[in-house]
Amino acid sequence: MASLSVSRHSHLLSGSIPARSKPISGPTRVRMSLRENGPSIAVVGVTGAVGQEFLSVLSDRDFPYRSIKMLASQRSAGRRITFEDRGYVVEELTADSFNDVDIALFSAGGSISKKFGPVAVDCGTVVVDNSSAFRMDEKVPLVIPEVNPEAMQHIKAGSGKGALIANPNCSTIICLMAATPLHRQAKVLRMVVSTYQAASGAGAAAMEELELQTREVLEGKPPTCKIFNRQYAFNLFSHNASVLSNGYNEEEMKMVKETRKIWNDKDIKVTATCIRVPVMRAHAESVNLQFEKPLNEDTARDILKNAPGVVVIDDRESNHFPTPLEVSNKDDVAVGRIRQDLSQDGNQGLDIFVCGDQIRKGAALNAIQIAEMLL
């Protein structure tokens, strides 16, 4: 049988930002995660990129649990996973998988979530779903813990009452981590976002193909194009999500609709252009903000320096601003290029540049933070 240990992608480089929650290595670490009074948890889609990151974040943050189920498709069932020095066998996801499970972390795609999410809820499980299946359901909270924790304050794990909580799209999370503190200060009227999205957003297979293509192109060979059906290495292109009748693709409309829901403001004007770039991990976004009240760049910089989950990298003298490499494997979202929008009068607009690890804060970390709020 194939075995799988929880580790990060071998080509993900660490940068200079200190991680908020860094694994403690060495024999002196005392594991506090496995506790009799902790919740029982299940990880659905455990063999995927986000599923593996779920496990890394659970371990990094010493998330308490009394038991953990590793769930995946029939194809992956039987694989062995080592987690916190214990061996587990991946079980096939079935309707019976959620008996006596308090919290289920889902990252197995929208169709799986739609099929098994309600089943888990009927079993009394609180589901934190990373897909887009339930995000726009009015009855399902769409939550970024630093932004709108009140949306899920009525839900607790272990109460016997199941519930669904949706994890927002990665691009939305990364954007709103930086935009929300400014929105609270001066109220955003309009937001224009351009994204530069890494291969990690399309999963482990896309990351592997980018690496393979890079080798092939450098060696003068035709690139293998299975994931995106085009050359990704040394190229960029419009996000691969389906294009809708209005000309926006689904990824762009997610940012529009999710921002309105999370900010509880149906009138907020949002437009987005989402682009795939040949970066292994971590998304970047250029964000232009128009405010109702004046907000100068110095005040904005101070607000962001004090915002939870945000680090400011804004050194004009040395031309040092956020990069995907610096935020890879990091919990914090980095913000820089903080400057007044010269096209708007009276300090009514700002431009910022944001980078965040798509697998970490853009997916797994946000979900685990939601789970922590359920305890």
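**View 1. The second largest pocket has a lining of 15 residues, with Glu 138, Arg 260, Lys 261, Ile 262 and Asn 264 lying nearest its centre.** This is a predicted model, so keep that in mind for every view here. The space inside the second largest pocket comes to about 390 Å³. Sort its lining residues by type and you get six nonpolar, three polar and six charged.

**View 2. Helix α3 packs against helix α5.** Here we look at residues 170-186 (α3) and residues 250-262 (α5), whose axes sit 9 Å apart at an angle of about 50°. The two helices are therefore oblique to each other. As for handedness, α3 passes α5 in a right-handed crossing.

**View 3. Helix α1 and helix α8 cross at roughly 55°.** Zoom in on residues 49-60 for α1 and residues 360-373 for α8: the two axes come within 9 Å. The crossing in which α1 passes α8 is right-handed.

Methods: Residues numbered from 1 in each chain as written. Predicted model: local features only at pLDDT ≥ 70, side-chain atom pairs only at ≥ 80, totals over all residues. Heavy atoms only, no water. 1 Å grid on protein atoms, 1.4 Å probe; cavity = no way out; pocket = protein on both sides within 12 Å on 5 of 7 lines; lining within 4 Å. Points joined across faces, edges and corners; volume = space filled by probe spheres on them. Nonpolar A, V, L, I, M, F, W, Y, C, P; charged D, E, K, R; others polar. Axes fitted to C-alpha atoms, helices over the stretch in contact; angles between N-to-C directions. Helix = DSSP H or I, 4+ residues; strand = E, 2+ residues; numbered from the N terminus. Parallel < 35°, antiparallel > 145°, perpendicular 65-115°, else oblique. Left-handed = near helix turned anticlockwise from the far one by under 90°.
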